[in-house]
Structure formats: C-alpha cells, structure tokens
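The sequence and coordinates are shown below.

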Amino acid sequence: MAASVPGSGVSDQHKGRRGCEHYDRGCLLKAPCCDKLYTCRLCHDNKEDHQLDRFKVKEVQCINCEKIQYAQRTCEECSTVFGEYYCSICHLFDKDKKQYHCENCGICRIGPKEDFFHCLKCNLCLALSLQGKHKCIENVSRQNCPICLEDIHTSRVVAHVLPCGHLLHRTCYEEMLKEGYRCPLCMHSALDMTRYWRQLDDEVAQTPMPSEYQNMTVDILCNDCNGRSTVQFHILGMKCTLCDSYNTAQAGGCRASLDQQ
C-alpha cells in the first residue's frame with residue numbers, strides 16, 4: 001500500500017474518510033501544477049501560493065486503495081464511487097445536488113437545471129423567476145462582489161441579483177441588510193422599500209420642523225430613479241417627487257421657498 005503523499009493533508013489514520021469541508025468525494029485530486037494531492041482545488045489554494053486549474057486535472061487518487069489513476073467517476077481498482085455527481089470537464093466530484101454543467105458559464109452549477117436559465121448578457125445562470133424581470137448588466141458575473149471583493153462567477157456561494165442588476169454573494173447581501181438597504185455600487189435601493197417609505201411619510205407628517213426651517217426647500221437627487229427635484233427640507237428625509245422614494249441625496253444647500261422671499 002502506498003504511503004500518503006506529502007502535501008496532501010491526508011494521513012494514513014484518516015484513510016477512507018470522504019471529502020473535506022467543501023465537497024463529499026472519494027478521491028484526491030493530483031494537482032498538475034505541483035503534483036501534490038488535495039481533496040479539492042479550494043483546499044489546495046488555501047495551502048499553496050498558487051491556484052489549481054480544475055480543468056487541467058488529469059489524475060486522482062482513490063482514498064480507499066490509494067491507486068492513482070485517470071480522473072473518472074469510479075475507481076478502476078476497488079470500484080469506489082468517487083462522487084455521486086461527476087463532471088469530466090470541471091473534474092467536480094460531490095454529493096448529488098442536482099448539479100449540471102453550463103456550457104456558457106463554463107463551470108458546474110447547483111440545479112436542478114430546469115429551474116435556471118443562462119442570461120447571455122449578464123453571463124450567468126439565474127433563477128427562472130428572474131427571466132425577463134431583471135436588469136441586465138453586461139458580464140456582471142465577471143465582477144467581484146463589492147462587499148467581500150471576492151470572485152462571484154466561480155464562487156460556491158449563491159449570487160443575489162439586486163434590482164439595479166448588480167450582484168453580491170447572498171451571504172454578503174444578508175450581512176449588508178443589517179447595516180443598510182442600498183447597493184454599495186450605485187446606491188439604488190437593494191429591496192422593495194415601499195412599505196418603509198409609507199411609514200416614513202407618517203413620521204415626517206408627525207414631526208414638524210422648527211419654525212426657521214418650515215419654509216426651507218432643497219434640491220435633491222434620487223438614487224432610485226436618478227431624477228432631480230426641489231422639495232421641502234426635513235431632517236428625517238426628503239421624498240423624491242418623481243418616484244416617492246426617500247433614498248435621496250441633498251444636491252444643494254437649503255434656501256427659503258420662493259413664496260417666502
């Protein structure tokens with residue numbers, strides 16, 4: 001029986017244990033870049049000073065019999081199934097999560113396939129519920145997440161599409177909502193704020209400004225519709241007259257309304 005290969009992170013006492021924190025699989029990948037054995041590309045990249053190209057993987061090692069062989073779904077020596085799901089292009093071995101290989105994305109996605117479509121302009125697989133109902137930004141999936149600055153296209157974390165068309169990792173989106181509601185790239189509202197704006201209407205109506213500010217107006221720019229308008233100044237917020245959003249920014253100083261000048 002062959003000894004464990006240095007750099008694999010797998011000792012004899014752990015022989016037979018399937019997978020890692022990232023994937024459930026019955027083999028190790030032989031990295032073509034350094035000839036070391038790792039459970040997956042992510043484990044490799046976390047340990048080495050270079051990245052493993054998944055598409056160039058040619059060989060794997062069975063975790064049971066330790067035979068090194070061409071990458072395939074089942075061990076040719078002991079018949080161990082390396083993965084319920086196997087992609088011969090990405091060399092992805094894992095539990096069956098209804099994965100499918102998208103030719104346009106160039107990688108495997110978690111399905112089921114019939115629940116998704118590939119948007120050619122965004123260059124990403126999206127839920128069918130978004131077909132014809134999302135704002136397209138060309139090659140938006142090839143940009144990094146603006147929150148964590150890490151890759152979105154090849155990430156194992158699901159991407160969340162904002163109304164403005166920008167993408168964030170879903171986990172980053174959920175963290176963002178704890179602090180605010182705006183897209184970090186364009187400041188557009190990241191979710192439907194209609195209900196909150198109606199509540200803010202009531203708060204503004206019930207909170208009169210001091211007499212010296214009651215007749216002051218200000219120019220505002222709306223982050224949601226990009227429109228400009230002149231409204232009455234209020235400390236709680238200035239409402240866009242075009243789309244009723246309070247997601248606005250002051251575009252000039254306060255001044256007395258014309259009928260008071």
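Where is H234 found? H234 is found in the loop between strand 14 and strand 15. The model is a predicted one, in which local features need pLDDT of at least 70 and side-chain atom pairs count only at pLDDT 80 or more, while totals for chains, interfaces and linings use all residues. Residues are numbered from 1 along each chain as its sequence is written, and side-chain values use heavy atoms, with hydrogens and water left out.

The side chain of H234 reaches the backbone nitrogen of L236 at 3.1 Å. This is a polar contact, defined as a pair of N or O atoms within 3.5 Å; within protein, one must be able to donate a hydrogen and the other to accept it, and residues adjacent in sequence count only if both atoms are side-chain atoms.

**Salt bridges**

A salt bridge is a side-chain nitrogen of Lys or Arg within 4 Å of a carboxyl oxygen of Asp or Glu. By this rule the count comes to eight.

| D24 | R18 | 3.0 Å |

Salt bridges that share partners join R198, D201 and K239 into one network. K239 is partly exposed at 26% relative accessible area, and D201 is partly exposed at 22%.

Because E59 lies in strand 3 (residues 59–62) and K30 in strand 1 (residues 27–30), the pair ties together parts that are 29 residues apart in sequence. E59 has a relative accessibility of 27% and counts as partly exposed; K30, at 23%, is also partly exposed. In the bridge between D24 and R18, D24 is partly exposed at 24% and R18 is partly exposed at 36%.

**Strands and hairpins**

Helices (H or I, at least four residues) and strands (E, at least two) are DSSP runs, numbered from the N terminus, and two strands pair if DSSP finds at least two bridges between them. Four strands form an open sheet in the order 2-1-3-4, with antiparallel pairing. Strand 2 (37–38) and strand 4 (68–70) stand at the edges, each with a single partner strand, so one side of each is left without a neighbour in the sheet. Strand 3 pairs with strand 4 over three bridges in the antiparallel sense, and I68 in strand 4 is the bridge partner of Q61.

Strand 9 (residues 116–119) and strand 10 are antiparallel and pair over four bridges, with F117 opposite L126 in strand 10. These strands form a hairpin with four residues between them, and N123 in the turn has a positive phi of about 65°.

Strand 13 (residues 216–222) and strand 14 (residues 228–232) run antiparallel and are joined by five bridges; D219 stands opposite T230 in strand 14. Their hairpin has five residues between the strands, and N226 in the turn has a positive phi of about 65°.

**Pocket and cavities**

Pockets and cavities are found on a 1 Å grid over the protein atoms alone: a cavity is a set of points where a 1.4 Å probe fits but cannot get out, a pocket is an open set with protein on both sides within 12 Å along at least five of seven lines, and lining residues have an atom within 4 Å of a point. Grid points are joined across faces, edges and corners, and a volume is the space filled by probe spheres set on the points.

The largest pocket has a volume of about 780 Å³. Its lining comprises 35 residues, of which R109, I110, S155, R156 and V158 lie nearest the centre of the pocket. Strands that each supply at least two residues of this lining include strand 8 (107–110) and strand 10 (124–127).

The structure holds two cavities of 30 Å³ or more. The second largest cavity has a volume of about 30 Å³, and its lining residues include V140, H166 and L185.

Definitions and conventions
Buried < 20%, exposed > 50% of the residue type's maximum accessible area, 1.4 Å probe, protein only.
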